[in-house]
Amino acid sequence: MKKLIPKLMGGYLNAAAWVAPAYVGKLGYEIFCTPLAPKVKPHHKVFLDTAEQFYFTSGEVTLRAYRWGTGPKRIVFLHGWQSHTYR
């Protein structure tokens, strides 16, 4: 089944590209370039609620940040595609 879904998706995109190439281009971009947001589980929320939460803007994007502790040293952790703060 895992191999069938990508083949069906590819077949659909290839066939539809003959009829509506602009639409398929946008659809392909959304499918392959948009991360899926993982669900925050209850034990993740318990941990994240222990932090000071704040927001900041970078360019046109508003980002959420968390702060734990008040020591003199600072560490920045960044996470990427299809991830979330708990990880």
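This briefing describes the helices of a structure and several individual residues within it. The structure is a predicted model, in which local features need pLDDT of at least 70, side-chain atom pairs count only at pLDDT 80 or more, and totals for chains, interfaces and linings use all residues. Residues are numbered from 1 along each chain as its sequence is written, and side-chain values use heavy atoms, with hydrogens and water left out. Helices (H or I, at least four residues) and strands (E, at least two) are DSSP runs numbered from the N terminus.

**The pairing of α1 and α2**

- Two packed helices are described by the angle between their axes and the distance between the axes.
- Helix α1 spans residues 4-19 and helix α2 spans residues 21-33; their axes come within 7 Å and cross at roughly 150°.
- Here the axes are lines fitted to C-alpha atoms, for helices over the stretch in contact, and angles run from 0 to 180 degrees between N-to-C directions.
- α1 and α2 are therefore roughly antiparallel to each other; angles under 35 degrees count as roughly parallel, over 145 as roughly antiparallel, 65 to 115 as roughly perpendicular and the rest as oblique.
- On the α1 side, M9, Y12, L13, A16, A17 and V19 meet P21, Y23, V24, L27, I31 and F32 of α2, where contact means heavy atoms within 4.5 Å.
- By class, this contact of α1 with α2 has 12 nonpolar, no polar and no charged residues.
- In that classification, Ala, Val, Leu, Ile, Met, Phe, Trp, Tyr, Cys and Pro count as nonpolar, Asp, Glu, Lys and Arg as charged, and the others, Gly among them, as polar.

**The two sides of α2**

- Helix α2 has 13 residues and reaches 17 Å from its first C-alpha to its last, close to the 18 Å expected at 1.5 Å a residue; the expected span is 1.5 Å times one less than the number of residues.
- V24, L27 and G28 are buried in α2, with buried meaning under 20% relative accessible area, exposed over 50%, and partly exposed in between (1.4 Å probe, protein chains only).
- An α-helix has 3.6 residues a turn, so residues three or four places apart point the same way.
- The buried residues of α2 pack against α1, while the face turned away from the buried side carries the exposed residues A22, K26, Y29 and E30.

- A16 is found in helix α1 and is buried, with a relative accessible area of 15%.
- Leaving aside neighbours within four places in sequence, A16 is in contact with P21 and V24.
- G25 is found in helix α2 and counts as partly exposed, at 43% relative accessibility.
- From C-alpha to C-alpha, G25 and Y86 are 34 Å apart in space, and they are 61 residues apart in sequence.

- H44 has its place in helix α3, residues 42-48, and is buried, with a relative accessible area of 7%.
- Not counting residues up to four places away in sequence, H44 touches K39, H84 and Y86.
- A51 lies in the loop between α3 and β1 (52-58) and is buried, with a relative accessible area of 16%.
- Beyond its neighbours within four places in sequence, A51 is in contact with Y66, R67 and W68.
- F56 is found in strand β1 and counts as partly exposed, at 39% relative accessibility.
- F56 touches V61, T62, L63 and A65, not counting residues up to four places away in sequence.
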